[in-house]
Amino acid sequence: MTAAATQVTGELAACACLFTPSDSVYLSLRYRDDALRICLYDGHPRHTHRRLAAACDGRRRSLLLLLARVMHACDGEWGFGESSEPGDGTRLWAVLPREGARAYGCAA
């Protein structure tokens, strides 16, 4: 799982670091039900104005195109949205299934 987990964590961390208004982000890794759950939290609050929120979401999606391809190859799921913890902001997440990640590592 190492190759896929490293790639996914790096992509999420890069995006979170670009958006956070502070000098820190929060990373959480959890292995459960044969999948690695990766969460990053940044301090960038969700926009209340609809157009600003859509533009910000579009920018995040464009920055995460490689992540989307890796997750597709691994048959995983990913996304982002508002976070109430730790300290509000935005939560970026990915669920990386063990078998899909192992197959990705063999193909790389």
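**Exercise 1. How close do the axes of H1 and helix H3 (residues 65–73) come, and at what angle do they cross?**

Before you start: this is a predicted model, where local features need pLDDT of at least 70, side-chain atom pairs count only at pLDDT 80 or more, and totals for chains, interfaces and linings use all residues. Residues are numbered from 1 along each chain as its sequence is written, and side-chain values use heavy atoms, with hydrogens and water left out.

*Solution.*
- Step 1: the two axes come within 9 Å and cross at roughly 155°. (Axes are lines fitted to C-alpha atoms, over the stretch in contact for helices, and angles run from 0 to 180 degrees between N-to-C directions.)
- Step 2: H1 and H3 are therefore roughly antiparallel (angles over 145 degrees count as that).
- Step 3: who touches whom? On H1 it's Gln7, Val8, Glu11 and Leu12; on H3, Leu66, Leu67, Val70 and Met71. (Contact means heavy atoms within 4.5 Å.)

**Exercise 2. Work out which H1 residues are buried, and where they sit around the axis.**

*Solution.*
- Step 1: the buried ones (under 20% relative accessible area, 1.4 Å probe, protein chains only) are Ala4, Ala5, Val8, Thr9, Glu11, Leu12, Cys15, Ala16 and Phe19.
- Step 2: they cover an arc of only 160° around the axis, so they lie on the same side of H1. (The arc uses directions from the helix axis to the C-beta atoms.)
- Step 3: turned away from that side are Thr2, Thr6, Cys17 and Leu18, which are exposed (over 50%).

**Exercise 3. Decide whether Ala94 is buried or exposed.**

*Solution.*
- Step 1: find Ala94 in strand E4 (residues 90–97).
- Step 2: its relative accessibility is 1%, so Ala94 counts as buried.
- Step 3: leaving aside neighbours within four places in sequence, its contacts include Val8, Leu12 and Met71.

Note on methods:
Helices (H or I, at least four residues) and strands (E, at least two) are DSSP runs, numbered from the N terminus. Angles under 35 degrees count as roughly parallel, over 145 as roughly antiparallel, 65 to 115 as roughly perpendicular and the rest as oblique.
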